[in-house]
Amino acid sequence: MRLAIYYSALFSIIGILAPFWPLWLSSRGLSPSEIGILIAFTYLTRLVANPLVGHWVDHRGDRKRPILILAAAATIFCLLFPFAWGFWPILIVTLLVFLPFNGLMPVGDSLVLMVAAREKLDYGRIRLWGSLAFVATASLVGRALAEWPVTNLPWLFCAILFCLTLSCTALPDARVQLRDHPPPPLRPLLGSGLFLLFLGATALNQTAHTVYYGFATLHWKAAGLSDATIGLLWSEGVVAEIVLFSLSGRVVAWLGPAGLILSAGLCGIVRWFVLGATTEPALLALVQILHAATFGCAHLGAMHFIQQAVPPSLSVRAQGLFTALSVGLAPGLVIAAAGPLYERLDGEAFWVMAGLSAAAALMAWPLARRWNGRSLIAP
């Protein structure tokens with residue numbers, strides 16, 4: 001229950017940011033290109049935060065106290081958002097908030113995976129509570145914005161960050177015994193061709209979501225869809241993801257981590273092609289089901305790959321490297337260009353994302369064929 005509450009608070013924040021943060025940035029008078037750059041920095045901060053936090057945590061051994069410190073720091077800095085106007089002040093506050101916020105996420109995943117393994121819990125059934133919170137938040141905020149001004153979003157962001165900090169105080173602790181020697185170096189993992197294939201496939205899959213995360217709301221709103229409809233479309237994709245997570249034990253056993261990553265790439269080709277071709281609500285509702293694959297399968301595959309392929313003493317640094325490169329650097333660089341891409345191509349920018357999903361599938365295929373499900377580093 002404590003792990004589920006943590007994920008619920010964390011993904012309630014993302015339920016505000018992913019669908020609606022571009023609307024708040026637009027209300028501040030920022031152009032699509034400036035919005036793309038700001039959203040890019042929410043990704044790129046992972047490149048700095050995650051390796052530093054991973055090194056710090058793996059050398060400490062514990063998980064809970066660092067998560068609490070990072071959540072509290074993000075909450076304090078978030079209070080600056082309502083008073084920020086213009087591109088540069090908003091960029092500075094974005095850096096201050098998202099450096100600790102993004103830093104805590106791989107530590108939290110590492111803690112949850114360690115506790116789940118220790119207590120013989122199904123990770124997917126814990127993680128689905130985060131998806132349920134995302135659905136509830138996106139739906140409620142979408143309805144609320146029909147009556148409330150979008151300027152309330154930063155205050156709501158601050159309030160839920162405070163709830164996240166409170167949830168961190170109740171987390172069970174998970175520790176790696178360091179004994180009298182430091183944890184092993186990361187270099188052998190970086191020399192593994194299979195780990196590099198994993199990073200490449202997951203990076204391309206995450207990058208393929210950049211136009212969706214940055215501009216789907218603006219694109220659908222320009223096509224005449226209401227805020228409530230947009231909130232439901234975002235929520236519907238996550239409902240499909242929840243169904244997947246509720247069956248995660250069977251799905252992981254059936255496809256395996258690498259097979260899940262491959263499935264994400266293949267389904268992304270279909271999803272992004274359709275989103276680029278139409279704004280018809282019925283067709284959008286149909287294809288949003290594929291979020292279960294493009295995000296859900298990719299996330300489950302990545303978490304279980306790291307759990308099986310990486311020893312616990314390297315787990316936070318491996319999680320940090322994965323989120324820094326695959327969830328941070330790659331999509332961050334692309335979303336900075338997604339603004340001009342969307343300005344030039346409008347909805348057809350999704351077709352470029354379909355090409356990235358195809359490239360992700362091409363990298364996941366040899367990973368699925370060559371990895372035997374064991375640790376990549378000999379004990």
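This is a predicted model: local features need pLDDT of at least 70, side-chain atom pairs count only at pLDDT 80 or more; totals for chains, interfaces and linings use all residues.
A second topic is Ser 167, a buried residue in helix α6.

**Cavities**
- Rolling a probe the size of a water molecule over the atoms shows where empty space is left.
- The whole structure holds three cavities of 30 Å³ or more.
- The largest cavity contains about 780 Å³ of space.
- Its lining comprises 34 residues.
- Closest to the centre of the largest cavity are Ile 14, Tyr 43, Arg 46, Met 105 and Tyr 213.

**Elements around the largest cavity**
- Two or more lining residues come from each of α1 (2-27), α2 (32-60), α4 (87-119), α5 (123-144), α9 (210-222), α10 (227-246), α13 (291-309) and α14 (315-345).
- Helix α1 contributes the most, with eight residues.

**Ser 167**
- Helix α6, which carries Ser 167, spans residues 153-169.
- Ser 167 counts as buried because its relative accessibility is 7%, and the cut-off for buried is under 20%.
- Beyond its neighbours within four places in sequence, Ser 167 is in contact with Ile 5, Tyr 6 and Ala 9.
- Ala 4 and Ser 167 are 163 residues apart in sequence, yet their C-alpha atoms are 9.6 Å apart in space.

Technical notes. Residues are numbered from 1 along each chain as its sequence is written. Side-chain values use heavy atoms; hydrogens and water are left out. On a 1 Å grid over the protein atoms alone, a cavity is a set of points where a 1.4 Å probe fits but cannot get out, and a pocket is an open set with protein on both sides within 12 Å along at least five of seven lines; lining residues have an atom within 4 Å of a point. Grid points are joined across faces, edges and corners, and a volume is the space filled by probe spheres set on the points. Helices (H or I, at least four residues) and strands (E, at least two) are DSSP runs, numbered from the N terminus. Buried means under 20% relative accessible area, exposed over 50%, partly exposed in between (1.4 Å probe, protein chains only). Contact means heavy atoms within 4.5 Å.
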